[in-house]
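Please look over the sequence and the structure first.

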Amino acid sequence: MNTLQRLFAGVLLVACAGLAVMAWPYQAAFSYEPVGPRAYPLLLLALMGLAFAYMILRPTPIVHSEDDPALDRPTLLKIAACTALLLLFAGLFEPLGFILSALLIGLPMARLYGARWLPALVVIPLSVIALYFLFDRAMDVPLPLGLLDVLEN
């Protein structure tokens, strides 16, 4: 198992390096932040690369305890459903906007991880609206409104 873990980390380290090479020349037509648009992906790739390098060089393999969930069929189906929901969110983000796409994806995601109906129906809309105002107003990161564009000033 140790060899497989190191091989997996090596493949991911090569993928990080390839993505960093692709992200390095990126220049936006306009600059809306002091460090430019490539700093965030390069920082994430550097941190991921350090983690994968550590996984390759560490002396002992990761040993899972009995408390860790098994990778059985229900767990793999949950992972696949989560991945599909995140891809759907990414696809709907621009056309529907942040608020509607997050509302649409939030409830199935909450139910997927065991949330009860009533708390999910209350917390998800409040969280989505709070996140929109946090990013758009407080941090000045514009998020698309999509179909709700008529509500904009």
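The text below covers the overall fold, the surface, and a few individual residues.

The model is predicted. Its chain contains five helices and zero strands, and the order along the sequence reads α-α-α-α-α.

As for the surface, the chain has 153 residues, and 21% of them count as buried. The accessible surface of the chain amounts to about 11,400 Å². Carbon and sulfur atoms make up 74% of that surface.

| Residue | Relative accessible area | State |
|---|---|---|
| Cys 16 | 6% | buried |
| Cys 82 | 16% | buried |
| Asp 136 | 15% | buried |

Cys 16 counts as buried because its relative accessible area of 6% is under 20%. The same cut-off applies to Cys 82, which is buried because its 16% is also under 20%.

Asp 136 belongs to helix H5, which spans residues 117-138. With a relative accessible area of 15%, Asp 136 is under the 20% limit and therefore buried. Which residues does Asp 136 touch, not counting those up to four places away in sequence? Asp 136 touches Val 141, Pro 142 and Leu 143.

Note on methods
Residues are numbered from 1 along each chain as its sequence is written. This is a predicted model: local features need pLDDT of at least 70, side-chain atom pairs count only at pLDDT 80 or more; totals for chains, interfaces and linings use all residues. Side-chain values use heavy atoms; hydrogens and water are left out. Buried means under 20% relative accessible area, exposed over 50%, partly exposed in between (1.4 Å probe, protein chains only). Helices (H or I, at least four residues) and strands (E, at least two) are DSSP runs, numbered from the N terminus. Contact means heavy atoms within 4.5 Å. Accessible areas come from the Shrake-Rupley method with a 1.4 Å probe; for residues, only the protein chains shown count as cover.
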